[in-house]
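Q: Please take a close look at one part of this chain, the stretch that UniProt annotates as a domain. I would like one connected account of it.

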Amino acid sequence: MLKAQNDPIPEVKQLTNAVLNAKRKLNGPPLLTTTDLNERLEASFVELTSETEPHKVVCPVYDTESSDRLFAFFTTRHLLSNLSSVGANTLQTDGTYKLTYKGNILITLAVNDKARRLHPVGVAIIGKKEDAIVYEHAVAAIATSLQKAGLPDYDPDAVMSDGDPAITAAVAISFSNARRLTCYYHLKKQVLKRMGSKKVPKNRRNAILDEIKSLQLSCSDPIFSSAARQLLQRWKQLGLKMFARYFKKVWIKGPLRYWYEGAALGTVSTNNGLESLHGRIKRFGTLRKKMAIGSFIKEMDRLIEEWSRASETHTFQSVPSRTIPLEVKAFHWSEDAFNKDFVAPQLRTGTYFVPGSFANEMSFKSYGRCDLKRRFKTFGHFVVWSKSYYRVFCSSENLLLCTCASSAKRFICKHSIAIERMKFDIDVSLKAKALPIDFRSKRGRPKFVSDALSID
Ligand SMILES: [Zn+2]
């Protein structure tokens with residue numbers, strides 16, 4: 001969706017310098033005072049109302065009283081309107097440093113759709129301090145902007161970000177009902193960084209990351225607590241006491257503990273889309289230079305209008321797309337006699353358990369017992385359990401989701417499509433039925449996934 005911003009990078013250095021010089025001339029000297037900024041904002045942006053043109057960039061909330069508490073929020077009416085979409089219930093946010101004049105910080109707010117496309121909501125430029133007050137300010141700016149644009153209030157179920165405690169504090173105050181999710185990618189990076197000082201031998205590190213990956217698939221809070229207890233036990237038995245203590249304190253008991261799938265089923269598990277957006281801003285936007293606030297405003301205007309138009313071309317998807325390879329898999333899965341017999345008696349009850357890849361390793365009865373008691377003998381026992389059967393269920397947004405890894409990533413899987421087919425008469429396409437069981441699409445990614453903004 002953001003391909004349009006892949007401006008060619010000038011190959012000749014002189015050309016780059018010439019462009020920069022021209023810009024400097026055009027934008028005037030760097031704006032040093034907040035009064036200048038105030039004037040510039042007032043002169044550059046129209047007021048936001050319910051009548052404002054959808055892609056016109058606006059700055060409905062700003063505070064230029066002091067340079068420490070500098071705040072200006074940029075958005076468009078179209079980008080704001082995505083927040084009313086079904087499925088836009090996890091607000092993602094992240095800060096970027098060293099982009100603008102004198103090291104002011106840029107924070108981006110966005111939502112992900114069910115085609116795994118990121119839709120930016122807006123960008124705020126703040127002073128040099130990224131604290132709870134700033135994030136509260138950003139959240140309040142969204143609320144004010146929605147009101148001005150005549151759009152419904154926004155009350156997300158969850159807010160996802162990296163490990164910044166400022167965000168945790170702000171979420172607790174601004175969205176008291178929202179869960180503060182931690183980006184799984186961020187967790188992996190942090191854990192890897194700490195392994196040395198927590199005395200994890202090099203040859204154990206990959207295995208630990210694999211175990212954390214299995215734990216990440218925990219499908220509910222009690223399952224996570226129980227599985228995590230077994231994993232800590234295992235690490236202690238292997239002599240990794242220091243690491244186990246660290247992991248427990250930060251990632252199991254601390255405020256960043258909501259990094260597993262069951263913390264918010266059917267929503268994103270990483271902020272990678274947002275981070276790659278920041279990467280793009282740095283790489284392709286002129287924001288990569290420490291720039292004067294005046295040129296910054298011009299650049300924001302250009303970037304945000306581009307995002308807004310792109311978000312209209314690729315509208316917010318509330319329902320994940322079926323791909324032909326997935327439909328083929330689902331069709332053959334639902335035609336399999338064993339699977340059919342397994343699912344048939346459940347079709348009336350409204351709960352659907354389906355056999356998984358480890359179904360041979362555990363009886364359905366044992367699976368059910370663990371599910372009920374949420375108790376595992378060992379961590380290995382949990383891993384087998386989590387892959388022996390999956391639960392297909394209807395989410396609050398009326399989507400059929402599944403506890404398997406594929407559904408966690410794509411919000412759709414062969415099991416959910418099979419249940420739709422078997423229970424709800426939503427059949428797969430004739431094309432999928434005609435294709436062989438081992439059908440794979442040609443090399444490359446499925447068409448519906450935008451390669452510019454997918455989350456993985
Ligand atoms: Zn599934």
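**The annotated stretch**

A: Over residues 390–424 the chain is 49% helix and 23% strand, and the end C-alpha atoms are 19 Å apart. Helices (H or I, at least four residues) and strands (E, at least two) are DSSP runs, numbered from the N terminus. This is a predicted model: local features need pLDDT of at least 70, side-chain atom pairs count only at pLDDT 80 or more, and totals for chains, interfaces and linings use all residues. Residues are numbered from 1 along each chain as its sequence is written.

UniProt lists residues 390–424 as "domain: SWIM-type", in an unreviewed entry. UniProt positions are in the numbering used here, feature names are shortened, and annotations may be inferred rather than shown by experiment.

Three of them form an open sheet in the order 8-9-10, with antiparallel pairing. Two strands pair if DSSP finds at least two bridges between them. Strand 8 (352–355) and strand 10 (400–402) are the edges, each pairing on one side only. From one strand to the next, the twist averages 25°. For such angles, axes are lines fitted to C-alpha atoms (for helices over the stretch in contact), and angles run from 0 to 180 degrees between N-to-C directions.

Strand 8 and strand 9 pair antiparallel over four bridges. Here Phe353 stands opposite Arg391 of strand 9. On to the next pair: strand 9 (residues 389–394) and strand 10 are antiparallel over three bridges. Val392 has Cys402 of strand 10 as its bridge partner. Phe393 stands opposite Leu401, also in strand 10. Strands 9 and 10 form a hairpin with five residues between them. In the turn, Asn398 has a positive phi of about 70°. In a regular strand the side chains alternate between the two faces of the sheet.

Next, the helix. Arg421 is found in helix 17 (residues 414–424). Arg421 is partly exposed, because 18 other C-beta atoms lie within 10 Å. The cut-offs are 20 or more such atoms for buried, 12 or fewer for exposed, and partly exposed in between, with C-beta atoms placed from the backbone.

Arg421 also has partners elsewhere in the chain. Leaving aside neighbours within four places in sequence, Arg421 is in contact with Ala330, Ser334, Ile426, Asp427 and Val428. Contact requires C-beta atoms, placed from the backbone, within 7 Å. Phe331 is 90 residues from Arg421 along the chain, yet their C-alpha atoms are separated by 8.3 Å.

Terms used. Contact = placed C-beta atoms within 7 Å.
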